[in-house]
Amino acid sequence: IYNFFAKNGVYMKTLNFLFISTNNMWSGSEELWFALANNEYFSRFHIYIATYYSNDKIEKLIKFGVKHFDLNNRFQNQSRIKSVIRNLIRKKEPKDLFETFLKENDIDFVIVSQGNNISSLDVLNIVNGQKLPFCTITQLVAEMHQLFLTYDSFAKLRDLYKLSLANFFVSKHNLFLHEQMMALPNASNNFLTFNPFRFQIKEIDYPKAKDSYNLAYVGRIEFYHKGLDLLLKVLQNPKWQSRNLKINCFGDGPHKGIMRERIVSFGLTNIVLHDFVEDVSIIWQKNQGLILLSRMEGQSLALIEACYYKRMVITTNVGDAQELIIDGKSGFLADYANEYDIDRALERAWAYRDDWENIGKQAFKLIQENRKSFDVVDELSIKIIQLQNSYTNKK
């Protein structure tokens with residue numbers, strides 16, 4: 001590692017890198033920053049992390065000496081009501097402990113991982129206020145998020161994205177939406193990256209349809225983001241009730257109980273809820289295709305996995321879907337996340353149900369062409385360290 005950086009002129013001082021996640025829970029969006037923090041290219045540097053959550057993975061890093069800042073406890077005396085009241089009476093703002101954390105640990109570079117492109121304004125303001133170099137990794141950009149922008153927040157975010165040494169997005173679609181939203185067309189510091197997917201593909205036979213054609217939904221059981229409420233509405237149509245099509249939903253989430261009740265109340269016999277499955281090959285042993293009806297998406301790992309297992313995909317045209325799926329060739333795209341377009345896409349797929357195996361083979365071929373590298377974490381690690389090196393050399 002040392003020889004690689006020395007040969008490429010990368011600054012070799014022991015640096016302090018801070019990885020921040022502004023999501024409030026662990027999800028697929030956390031895999032990239034966490035893989036970076038654990039990557040061998042960062043192993044000779046001091047690593048710090050800041051999150052709103054903790055779990056076994058975070059605790060393991062702490063045991064190995066990584067310093068963790070809990071973003072829930074940013075303000076001094078936050079939990080002491082009397083002290084807060086006393087500070088208010090004295091017209092004193094509670095001290096931001098995150099700012100103190102940055103100063104005390106002499107942070108050299110900050111990587112901010114965010115669930116969407118408007119969620120980290122306060123954190124980015126503090127980082128920039130300390131005159132620290134930073135980059136962003138955005139896991140999702142959705143048109144609806146611009147509804148939450150005021151001119152003030154838009155202007156501040158726009159300036160921060162300009163100041164960022166690099167802004168990474170997990171799909172071309174997300175990058176384009178961001179540039180539209182922030183009025184920053186063709187920004188030179190915007191780049192495309194991918195999420196890591198280091199799963200092992202097991203060779204399994206294609207499941208021939210017997211009693212029914214089976215489609216799998218794989219992901220969080222959540223209505224608005226994942227569009228499962230729309231799927232339930234579409235499946236109530238008598239034509240789908242009469243056809244030998246079965247939807248198997250694998251996963252857990254906040255709306256699983258509600259979804260179960262709706263399935264029972266509407267007498268839906270063509271959709272079944274299953275628990276989360278660690279080994280996804282088990283899913284593809286019995287299902288001929290994937291169905292994803294998200295209203296918004298960054299990069300769907302479930303979609304990528306299905307393609308590598310040579311399974312046909314029915315999906316809404318969000319995130320990187322259009323980059324990976326050619327409508328009618330390697331899968332079927334619903335133009336928008338609504339009942340009408342979803343029903344049309346499902347109808348088109350049903351008409352070609354006896355050709356799903358060949359369509360899945362095309363999906364596999366296209367995913368190989370579009371996702372050639374499995375070393376996305378190594379590549380992004382090198383890029384970030386080079387960014388820090390360039391910043392240092394310019395000072």
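Reader: Hi! How many bridges pair strand β8 with strand β9, and in which sense?

Author: Strand β8 (residues 213–218) and strand β9 (residues 245–250) pair in the parallel sense over 6 bridges. Strands pair if DSSP finds at least two bridges between them. Helices (H or I, at least four residues) and strands (E, at least two) are DSSP runs, numbered from the N terminus. This is a predicted model, where local features need pLDDT of at least 70 and side-chain atom pairs pLDDT 80 or more, while totals for chains, interfaces and linings use all residues. Residues are numbered from 1 along each chain as its sequence is written, and side-chain values use heavy atoms, with hydrogens and water left out.

Reader: Nice. Which residue is the bridge partner of V218 in β9?

Author: In β9, V218 has F250 as its bridge partner.

Reader: And what is the strand order of the open sheet with 6 strands?

Author: The order is β10-β9-β8-β11-β12-β13, with parallel pairing. At the edges stand β10 (271–274) and β13 (331–334), each with a single partner strand, so one side of each has no neighbour in the sheet. From one strand to the next, the twist averages 20°.

Reader: Which strands does helix α16 lie across?

Author: Helix α16 (residues 339–351) lies across β8, β9, β11 (289–292), β12 (312–316) and β13, running at about 165° to β13. Angles run from 0 to 180 degrees between N-to-C directions, and axes are lines fitted to C-alpha atoms, for helices over the stretch in contact. Helix α17 also packs on this sheet, touching β8, β9, β12 and β13, and its direction makes about 75° with that of β12.

Reader: Where do α14 and α17 meet?

Author: I304, C307 and Y308 of α14 meet G360, A363, F364, I367 and Q368 of α17, with contact meaning heavy atoms within 4.5 Å. These residues divide into 6 nonpolar, 2 polar and no charged. Ala, Val, Leu, Ile, Met, Phe, Trp, Tyr, Cys and Pro count as nonpolar, Asp, Glu, Lys and Arg as charged, and the others, Gly among them, as polar. The axes of α14 (residues 301–308) and α17 (residues 356–370) come within 7 Å and cross at roughly 115°.

Reader: Over how many bridges do β1 and β4 pair?

Author: Strand β1 (residues 16–21) and strand β4 (residues 109–114) pair over 5 bridges, and L18 has V110 as its bridge partner in β4.
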